[in-house]
Structure formats: structure tokens, C-alpha cells
Amino acid sequence: MSNSKKRYREGIFKYAGIVIFMFGNKSAENGIALADGVYEEYKIALQSEAYIIPIGSTGYMAKKIWDEVCDQIENFPYLQPYVNTLQNCTESDKIIKAILSILNTIQKDY
């Protein structure tokens with residue numbers, strides 16, 4: 001990753017305390033590939049101690065991030081009540097409702 005991209009991404013998380021990851025794919029020569037930049041943003045968000053909300057059910061890099069988060073779900077207690085939704089749900093209204101509930105939980109922690 002170039003230094004300017006890295007500084008840009010680090011700057012985002014300096015001011016954004018919450019990061020929602022969805023999809024995370026890009027066009028590639030052989031079709032669709034995982035977006036490596038999204039994974040870099042996830043790592044930067046972790047270092048920045050941002051609240052991370054991966055919607056694994058959207059697939060691609062969001063699923064990879066979800067799998068990592070799920071493996072250590074005890075470090076993300078605000079996600080625990082929504083594991084099934086974040087992992088499996090494809091109904092947008094239910095995902096939105098879960099995200100709003102998570103945001104309300106996070107707001108109470110501030």
C-alpha cells in the first residue's frame with residue numbers, strides 16, 4: 001500500500017470511531033476478487049480501537065473480517081447479540097435493524 005493511501009486510511013479512523021464493513025470485492029482479471037484495501041482498513045480500524053461492525057452475510061472481504069471477529073467475539077461484546085444476523089442474514093431490513101441496535105448500544109458506552 002502506498003504511503004498516501006495508508007495516511008488517508010489512518011486519517012479516516014482518526015475521526016470515525018465506528019466502521020461498518022460490507023461486501024469488499026473488486027473487479028479482477030479473472031472476475032471478482034477480495035478487496036485487499038478493505039482488509040487493510042480493518043487492520044487500521046483495530047489499531048485505532050474503532051468499533052467494528054462486519055456484515056459477514058454480504059460475503060467477500062466482509063465475510064473474512066467477520067470470521068476473524070467471530071473467532072474472538074468476546075472482544076466485541078456489542079456484536080454478540082447479533083451474531084446470527086451478521087453472519088447469515090440477507091434481509092436488508094433485518095440487517096439495518098441490527099446495525100441500528102448495535103449503534104445504540106455503542107452510543108450508551110460513550
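Is Glu91 buried, partly exposed or exposed, and what is its relative accessible area? Glu91 is partly exposed, with a relative accessible area of 40%. Here buried means under 20% relative accessible area, exposed means over 50%, and partly exposed lies in between (1.4 Å probe, protein chains only).

The model is predicted: local features need pLDDT of at least 70, side-chain atom pairs count only at pLDDT 80 or more, and totals for chains, interfaces and linings use all residues. Residues are numbered from 1 along each chain as its sequence is written, and side-chain values use heavy atoms, with hydrogens and water left out.

The protein chain contains 5 helices and 4 strands. These are DSSP runs numbered from the N terminus (helices: H or I, at least four residues; strands: E, at least two). Their order from the N terminus is α-β-β-β-α-β-α-α-α. The C-alpha atoms fill a box of roughly 40 × 30 × 25 Å along the principal axes. Buried residues account for 35% of the 110 residues.

Helix H2 covers residues 36-47. Its 12 residues should span 16 Å at 1.5 Å a residue. The end C-alpha atoms lie 17 Å apart, in agreement. The expected span is 1.5 Å times one less than the number of residues. The buried residues of H2 are Gly37, Val38, Tyr39, Tyr42, Ile44 and Ala45. Just after H2, Glu49 adopts a positive phi of about 60°.

Charged contacts were examined next. Side chains of opposite charge can pair when their charged atoms come close. A salt bridge requires a side-chain nitrogen of Lys or Arg within 4 Å of a carboxyl oxygen of Asp or Glu. The structure holds 3 salt bridges. One joins Lys43 to Glu68, with the closest N and O atoms 3.9 Å apart. This pair links distant parts of the chain: Lys43 belongs to H2, Glu68 to helix H3 (residues 60-71), and 25 residues separate them. Lys43 is partly exposed at 33% relative accessibility. Glu68 is also partly exposed, at 21%.

Another salt bridge connects Asp67 and Lys63 at 3.0 Å, N to O. Both residues sit in H3, 4 residues apart, about one turn of the helix. Asp67 is partly exposed at 33% relative accessibility, and Lys63 is partly exposed at 39%. Glu91 and Lys94 also form a salt bridge, at 3.6 Å, N to O. Lys94 counts as partly exposed at 44% relative accessibility.

Aromatic rings were treated by a distance rule. Rings of Phe, Tyr and Trp (its six-membered ring) pair if their centres lie within 6.5 Å; planes under 30 degrees apart count as stacked, over 60 as edge-to-face and the rest as tilted. The count by this rule is 4 aromatic pairs. Among them, Tyr39 and Tyr42 have ring centres 5.6 Å apart and planes at 50°, so the pair is tilted. These two residues are 3 residues apart in H2, about one helical turn. Both Tyr39 and Tyr42 are buried. The rings of Tyr51 and Tyr78 have centres 5.0 Å apart and planes at 75°, so this pair is edge-to-face. It links distant parts of the chain: Tyr51 lies in strand E4 (residues 51-54), Tyr78 in the loop between H3 and helix H4 (83-88), 27 residues apart. Tyr51 is buried at 18% relative accessible area, and Tyr78 is buried at 9%.

Phe21, Tyr39 and Tyr42 form one aromatic cluster. Lys64 lies over the face of Tyr39, 4.6 Å from the ring centre. A charge sits over a ring if NZ of Lys or CZ of Arg is within 6 Å of the ring centre and within 35 degrees of the ring normal.

A disulfide is a pair of cysteine sulfur atoms within 2.5 Å. The count by this rule is 0 disulfides. For Cys70, the nearest cysteine sulfur is that of Cys89, 15 Å away. Cys70 is partly exposed, with a relative accessible area of 25%. Cys89 counts as buried at 13% relative accessibility.
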